Amino acid sequence: MATFTVKNSLIAVILALILAGATPGIMVKAQCVNSCEQPNECCSQYGYCGEGPEFCGANCRGGPCTNNGVSIADIVTPEFFNGILNQGSSCVGRNFYSREAFLDALTSFTRFARSGSVKDSRREIAAFFAHASHETERFCHIEETDGAKKDYCNETVTEYPCAPGKGYYGRGPLQLSWNYNYGPAGLELGFDGLGAPETVANDPVIAFKAALWFWTKNVAAAISQGFGATIEAINPMECGGGEPRKVQSRIDYFTGYCNQLGVTPGGSLNC
């Protein structure tokens, strides 16, 4: 389940302070939304302009972001994607999720799996699909099953008030959850996240966009620390012995997809 965690929040605050110039040697000239006034500066996802890998690397969301030129479509082939799809007769997701929807959604996320080496790109793709496979049982489920559904409304987050009668339970490839995720995701992706969260379960392109949105905001920066760090970024409650079988499920998917994509999984697989 894709949720925003306290740890993620603290990390974001610390990084924002660093990028804001709290650390000697890093100079920041302006705040930004998607672009900077100076053509050589990148706008980081934390809202600050600057140069170098801290701004133009994995956290870049605008400007001359580093791009390794990898073609995601050449890696996520029809054979790879369709091999993930659960073909069970009771799987509603097999007629909802598609490679075409994923690639369509990907046009809004030009930074996904395009930084570092080609092996880094393949490893990030394997990680994304590993988590999606675990969360949805290989694209079998579009939303949480009835027994797991809750409102997932955090009323203390007043910036994103819950709409009456709406539930912000897990939907989509990474099972986006909570009003504080649906709200900003909707604003950035162009749908009513708070008033119509069900859009994530009704539109396959939006479903993938919501998953990629959460990934780039909360998970992508952790991949350099190993797959285990991405598990903690998505669902920290599983870590530290909390739910070892679920952790192992994610690891098994990841190592399997890495093998298919011809890349080693690296170290620090567990969280």
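Predicted model: local features only at pLDDT ≥ 70, side-chain atom pairs only at ≥ 80, totals over all residues.
Select strands S1, S2 and S3, which together form an open sheet in the order S2-S1-S3 with antiparallel pairing. At the edges you will find S2, residues 49-50, and S3, residues 60-62, each of which pairs on one side only. Now keep S1, residues 42-44, in view together with S2: these strands run antiparallel and are joined by two bridges. If you pick out Cys42, you will see that Gly50 in S2 stands opposite this residue.

Next, select Thr199, which belongs to helix H8, residues 199-202. Follow the side chain of Thr199 to the backbone oxygen of Ala196, which this side chain reaches at 2.8 Å.

For the last stop, select helix H9, residues 204-219, and helix H10, residues 227-234, whose axes come within 10 Å and cross at roughly 110°. Angles of 65 to 115 degrees count as roughly perpendicular, and H9 and H10 are therefore described in that way relative to each other. As you turn the view, note that H9 passes H10 in a right-handed crossing. To see where the helices touch, display Phe214, Trp215, Asn218 and Val219 on H9, along with Thr230, Ala233 and Ile234 on H10, because these residues make the contact. Sorted by class, the contact of H9 with H10 contains five nonpolar residues and two polar ones, with no charged residues.

Key:
Residues numbered from 1 in each chain as written. Heavy atoms only, no water. Axes fitted to C-alpha atoms, helices over the stretch in contact; angles between N-to-C directions. Helix = DSSP H or I, 4+ residues; strand = E, 2+ residues; numbered from the N terminus. Parallel < 35°, antiparallel > 145°, perpendicular 65-115°, else oblique. Left-handed = near helix turned anticlockwise from the far one by under 90°. Contact = heavy atoms within 4.5 Å. Nonpolar A, V, L, I, M, F, W, Y, C, P; charged D, E, K, R; others polar. Polar contact = N/O pair within 3.5 Å; in protein donor to acceptor, adjacent residues only side chain to side chain. Pairing = 2+ DSSP bridges.
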